[in-house]
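This report covers selected backbone and packing features of one protein model. Please read it alongside the sequence and the structure shown here.

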Amino acid sequence: RPPKTGWAPGSLFETPSEYYRLKRRTREISPADVTMSRQDEAISKRNDDPGRVGQTFGRLERDFDYHAKYAHDEPEVEKLLQKPEIKIYLEKAILTDKSGKSLEDYLRLPIKQITEYQKYLKEMIKYTSRTDVPTESLEKALELMLSVPKGASDIAYVKNILNYPGDVVKIGRLLRHDEFRLWEGTQEGDGELVYAFLFKSRLVITTKQEAEDVDELPEFVHKLSIRVSTLLQTMKQIGPFADCLKKSN
């Protein structure tokens with residue numbers, strides 16, 4: 001049975017089920033056994049306290065934004081590696097690697113790490129909840145890890161915003177994007193169909209232009225943008241913004 005304090009993992013790359021099947025394995029991660037990233041080191045120091053593990057993931061939230069960007073760019077890098085001149089060079093270089101792994105294997109490791117974190121947190125929540133220990137911070141950490149693949153997909157949409165007055169990629173984290181109907185003044189008629197991007201600090205309204213190729217993402221022409229702080233202040237004065245912006249069916 002799991003200890004009362006919740007599951008204490010043997011390593012970041014084990015699930016609790018594996019841990020209890022392999023009881024003889026040490027509970028500590030030794031730097032000599034595995035090369036750990038900054039995130040790994042921070043999490044491993046708190047692996048016997050479920051609450052602090054969840055808080056550590058939250059503290060490293062901005063670091064995981066880089067994982068989302070990496071996951072977005074990685075497929076293009078793999079395509080680049082298939083170019084004949086690059087492939088021949090790398091095939092010679094890989095002969096010196098004693099691990100037997102290809103460069104593609106190494107490129108996929110950061111993405112696999114996020115998947116391992118997801119498994120790790122799901123199992124930790126499962127066993128910790130059985131001991132009546134609060135799991136709120138672990139659930140938030142899991143939500144963060146599940147958002148990384150979504151973040152990679154979101155980057156592709158953000159890069160397709162046209163005519164934005166500035167670097168659209170630097171706006172910040174995208175929380176949600178979808179089609180809505182927008183009214184100005186009174187809510188009469190069908191309103192204007194727009195595509196809205198809600199970032200952490202800014203709401204960007206665009207018009208959607210479908211791509212000729214069905215396999216390509218549409219483009220989004222910038223129409224207007226509003227700071228979220230300004231939007232919240234306006235809502236206090238004139239009422240909910242939802243009155244003039246409703247999701248399109």
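Where is D132 found? D132 sits in the loop between α6 and α7 (136-158). The model is predicted.

D132 is a residue other than glycine with a positive phi, near 60°. Its relative accessibility is 73%, so D132 counts as exposed, the cut-off for that class being over 50%.

N163 is not a glycine either, and its phi is positive at about 65°. This residue belongs to the loop between β1 (161-162) and β2 (174-182). With a relative accessible area of 62%, N163 is exposed. As background, most residues other than glycine have a negative phi.

## Helix α6

Helix α6 covers residues 103-129, which is 27 residues. At 1.5 Å a residue the helix should span 39 Å, and the C-alpha atoms at its ends are 40 Å apart, so the two values agree.

The helix also has a kink of about 40° at L109.

## Nonpolar cores

The largest nonpolar core has 17 residues. Within this core, F57, F64, L121 and M145 touch the most other members. Two or more residues each come from α3 (50-59), α4 (61-81), α6 and α7.

Another core, of 11 residues, lies apart from the largest one. Among its members are Y164, Y195, F197 and F220. In soluble globular proteins, nonpolar side chains tend to be buried together.

Technical notes. Residues are numbered from 1 along each chain as its sequence is written. This is a predicted model: local features need pLDDT of at least 70, side-chain atom pairs count only at pLDDT 80 or more; totals for chains, interfaces and linings use all residues. Side-chain values use heavy atoms; hydrogens and water are left out. Helices (H or I, at least four residues) and strands (E, at least two) are DSSP runs, numbered from the N terminus. The expected span of a helix is 1.5 Å times one less than its number of residues. The bend at a residue is the angle between axes fitted to the seven residues ending there and the seven starting there. Buried means under 20% relative accessible area, exposed over 50%, partly exposed in between (1.4 Å probe, protein chains only). A nonpolar core is a set of buried Ala, Val, Leu, Ile, Met, Phe, Trp, Tyr and Cys residues joined through side-chain atoms within 4.5 Å.
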